[in-house]
Amino acid sequence: MVYGYIRVSSDKQTVENQRYEILQFCKNNNLAVEKWIEETISGTKLPEKRRLGFLLDSISSEDLIICSELSRLGRSLFMIMSILSRCMDIGAKIWTIKDGYRLGDDIQSKVLAFAFGLSAEIERNLISQRTKDALSRCKAQGIRLGRPFGMAVRLKLSDHEDEIRLMLSQGFSKAEIGRRFDTNRNTVRIFIKKMLKKGD
């Protein structure tokens, strides 16, 4: 099945430009969109919070998603890589018009998959190093970090509380923190609610 995916950030924007681009692209490549997915939502939202998440859950091998450009899928490199990797695991294809990406079952896609994985690893290492550097600066300045005295609650993330506090202050999302510590965003949410907020 061929899907046309369109996203705009606000209701002040129009979907018609993207629709026109996709229709012209399909016409030039002897394709026909069988189902349209349109939504008005920020690209910073996780796919699970968007209609895109439903689309990714619905696609199967050989399905094709066409969108105007990669930024329609998400606003962060990590999010886009995650979406493309998910499609590759399924065997589905994503084609973008302005960027000229053709993600499918070929050698170019395998090279892209390697690049995605390497980039994700580099990003995780950079986040970890920035966090460690910032923690060292805080300790050198005498800033008290850690759980309040006497708190007995222990959760999966307890040993990483200092890093999580710092990542939150730097604007990292719960999903990004979860990926950093190999856990889901719900565990991070519970941890923050039960432990970090009590220490504020």
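Modeller: Of the 200 residues in the chain, 39% are buried, where buried means under 20% relative accessible area, exposed over 50% and partly exposed in between, with a 1.4 Å probe and protein chains only. This is a predicted model, in which local features need pLDDT of at least 70 and side-chain atom pairs count only at pLDDT 80 or more, while totals for chains, interfaces and linings use all residues. Residues are numbered from 1 along each chain as its sequence is written, and side-chain values use heavy atoms, with hydrogens and water left out.

The chain has 7 helices and 5 strands, which are DSSP runs numbered from the N terminus (helices H or I of at least four residues, strands E of at least two). Along the sequence the pattern reads β-α-β-α-β-α-β-β-α-α-α-α. Among the contacts with a separation of 6 or more, 64% are between residues 24 or more positions apart, a contact being heavy atoms within 4.5 Å.

Turning to the sheet, its 5 strands form an open arrangement in the order β2-β1-β3-β4-β5, with mixed pairing; two strands pair if DSSP finds at least two bridges between them. The edge strands are β2 (35–40) and β5 (102–103), each of which pairs on one side only. Helix α1 (residues 16–28) packs on this sheet and touches β1, β2, β3, β4 and β5, its direction making about 155° with that of β1; here axes are lines fitted to C-alpha atoms, for helices over the stretch in contact, and angles run from 0 to 180 degrees between N-to-C directions.

Strand β3 (residues 64–67) is covered on both faces, with Leu 64 and Ile 66 buried on one side and Ile 65 and Cys 67 buried on the other. Strand β1 (residues 2–8) pairs with β3 in the parallel sense over 3 bridges, and Val 2 stands opposite Leu 64 of β3. The pairing of β3 with β4 is also parallel, over 4 bridges, and Ile 66 has Trp 95 in β4 as its bridge partner. By contrast, β4 and β5 run antiparallel and are joined by 2 bridges, with Ile 94 opposite Leu 103 in β5.

Within strand β4 (residues 93–96) lies Thr 96, which counts as buried because its relative accessibility is 0%. Leaving aside residues up to four places away in sequence, Thr 96 touches Cys 67, Ser 68, Glu 69, Leu 70, Tyr 101 and Arg 102.

The axes of α2 (residues 51–58) and α3 (residues 77–90) come within 10 Å and cross at roughly 20°, so α2 is roughly parallel to α3; angles under 35 degrees count as roughly parallel, over 145 as roughly antiparallel, 65 to 115 as roughly perpendicular and the rest as oblique. In this packing Leu 52, Gly 53, Leu 56 and Asp 57 of α2 meet Ile 83, Arg 86, Cys 87 and Ile 90 of α3. The residues of this contact divide into 5 nonpolar, 1 polar and 2 charged, where Ala, Val, Leu, Ile, Met, Phe, Trp, Tyr, Cys and Pro count as nonpolar, Asp, Glu, Lys and Arg as charged, and the others, Gly among them, as polar.
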